[in-house]
Amino acid sequence: MRLRARLKARIRAFFDATQTLEVDTPALSLAAPTDPHIAGLQTGLSVLPGRRIYLQSSPEFPMKRLLAAGVGDCWQLARVFRDGERGRRHNPEFDLLEWYRIGIDHHDLMDEVEALLTALVRPERPVEPAERWSYQEAFRRFAGVDPLAAAMHELRAAAAGAGLAPVDGLEDDDRDGWLDRLLTGAVTPRLPRDRPVFLYDWPASQAALARLDPADARVAHRFELYWGELELANGFHELADATEQRDRFEADLARRDALGLQRPPIDEALLAALESGLPECAGVALGFDRLAMVTAGVDTIDAVLAFPVERS
Amino acid sequence: MASYSTNEFKGGLKIMLDGDPYAIVENEFVKPGKGQAFNRVKVRNLKTGRVIERTFKSGESVEAADVIDTEMQYLYTDGEYWHFMDPNSFEQIAADRTAVGESAKWLREQDTVEITLYNGEPLTVTAPKLVDLRITQTDPGVRGDTAQGGTKPAVLETGAEVKVPLFIEEGEVIRVDTRKGEYVSRVKE
């Protein structure tokens with residue numbers, strides 16, 4: 001608890017020093033992310049009868065609305081909620097540190113993430129300089145396969161070659177599913193354990209809310225930060241094109257239909273904001289609880305929570 | 001048939017895989033923030049005891065195994081089967097050598113053991129972790145030699161043989177760790 005308080009004070013000092021505005025956005029929302037891999041929690045309000053209310057899984061959409069309205073560089077430490085996520089590194093509610101910078105791309109933002117991480121963690125333990133790998137390089141080196149070019153049978157063979165058991169329920173032609181299997185089974189377990197590592201330029205099929213690389217449409221301007229196997233942050237050079245964003249939401253919903261999942265309402269307010277003009281920017285979400293895990297040198301999220309969900 | 005979703009996975013849960021009953025030893029939830037979630041589990045085959053790793057796409061369902069752990073009283077053995085009784089229903093069951101395994105040498109009549117039943121049949125018999133048994137045969141004790149740490153073989157009333165410290169006498173009762181097959185302490189009567 002004391003460590004969490006110290007980390008929050010350091011976060012505030014870091015953003016004060018860079019003249020970044022702390023903002024607050026609602027935890028309740030009438031819309032929800034369409035991402036098939038994020039299960040939102042729902043509730044209802046007596047003052048809005050008949051409407052589904054979603055607990056935020058990230059403050060990203062309302063913060064982008066603020067950016068489109070001209071708020072400029074901004075940050076927020078938000079409590080977020082995701083159903084079905086519980087384990088050694090997951091609790092269904094957790095804190096996300098989310099921030100946006102105008103006029104930079106994902107590489108510049110990686111520099112800043114590293115600076116913040118160092119400023120937060122170094123008072124407690126040494127932080128070696130971060131390594132940076134493209135997603136493709138990391139897969140070639142640790143899984144022996146090119147994630148952008150390989151055929152499905154080659155991805156499956158790479159998983160078998162890395163000693164990964166077959167997965168019950170994973171379809172043979174689920175490309176992103178097999179990439180995630182290789183990522184979590186072969187790549188991240190082999191990343192250095194003593195320093196931060198950025199994986200950047202993710203496959204376009206996993207672009208999420210990142211813009212595609214104008215020079216290579218196979219990849220998106222997205223990065224993830226790892227410390228050993230622990231995923232700490234996810235960042236984008238933000239997609240600003242409202243039409244492309246709507247297409248991605250629709251594609252997500254089609255995939256949700258195929259998986260028999262619920263269809264959350266598309267966030268029209270976000271699309272309207274993109275329509276009106278999102279400034280060139282990059283943004284990142286960093287798991288605060290996991291940051292506390294790294295800083296404390298512990299390997300369970302429960303060790304940095306006052307009351308994990310079973311005791312909440 | 002009952003089934004479990006991966007969300008219900010936890011240590012001790014009994015599931016069916018490839019036609020055999022398994023117990024989950026360890027369950028790890030692995031999920032990239034924006035990607036596919038998996039449950040990486042270690043499972044023990046309840047027939048062979050072998051531990052293997054399996055990975056499930058989260059949200060999948062797995063058939064539950066009709067396996068229950070129950071406490072029963074050991075009655076006797078006829079050499080081929082070991083007979084046990086449910087202390088509440090007085091129902092009797094017989095377990096063969098495969099099910100009894102190493103536990104056989106720690107069983108004393110009237111003692112309570114844990115039996116794992118699969119489809120109503122005994123799958124494994126587990127002796128209590130610690131049992132107190134009388135020594136029926138060992139070489140004479142050496143007095144005042146408690147500090148030396150030497151050992152000698154001793155035969156227990158169940159026929160099992162364990163190493164005991166030199167000062168232990170025939171006829172004494174000792175506590176034995178059945179998992180390791182080791183002497184733990186002397187039991188004062």
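Me: What does the domain assignment of chain B give?
Reply: Quick heads-up: this is a predicted model, where local features need pLDDT of at least 70, side-chain atom pairs count only at pLDDT 80 or more, and totals for chains, interfaces and linings use all residues. Residues are numbered from 1 along each chain as its sequence is written, while chains are lettered from A and ligands numbered from 1 in the order they are written. Domain bounds come from an automatic or database domain assignment. Chain B gets domain 1 (3-63), domain 2 (67-126) and domain 3 (130-187).

Me: How many residues of domain 3 of chain B does the contact with domain 2 of chain B take?
Reply: The C-alpha centres of these two domains of chain B lie 26 Å apart. Residues are in contact if their C-beta atoms, placed from the backbone, lie within 7 Å. Domain 2 of chain B puts in 4 residues, and domain 3 of chain B puts in 7 residues.

Me: Which element gives the most to the side of chain B that touches chain A?
Reply: Here 18 residues of chain B are in contact with 23 residues of chain A. Strands are DSSP runs (E, at least two residues), numbered from the N terminus. Strand S3 (20-30) and strand S5 (51-57) of chain B each give two or more residues. The top giver, with 5 residues, is S5(B).

Me: What is the bridge partner of A:Val167 in S5(B)?
Reply: Two strands pair if DSSP finds at least two bridges between them. Strand S8 (residues 167-168) of chain A is joined to S5(B) by 2 bridges, and they run parallel. For A:Val167, the partner in S5(B) is B:Thr55.

How values were computed
Contact = placed C-beta atoms within 7 Å. Helix = DSSP H or I, 4+ residues; strand = E, 2+ residues; numbered from the N terminus.
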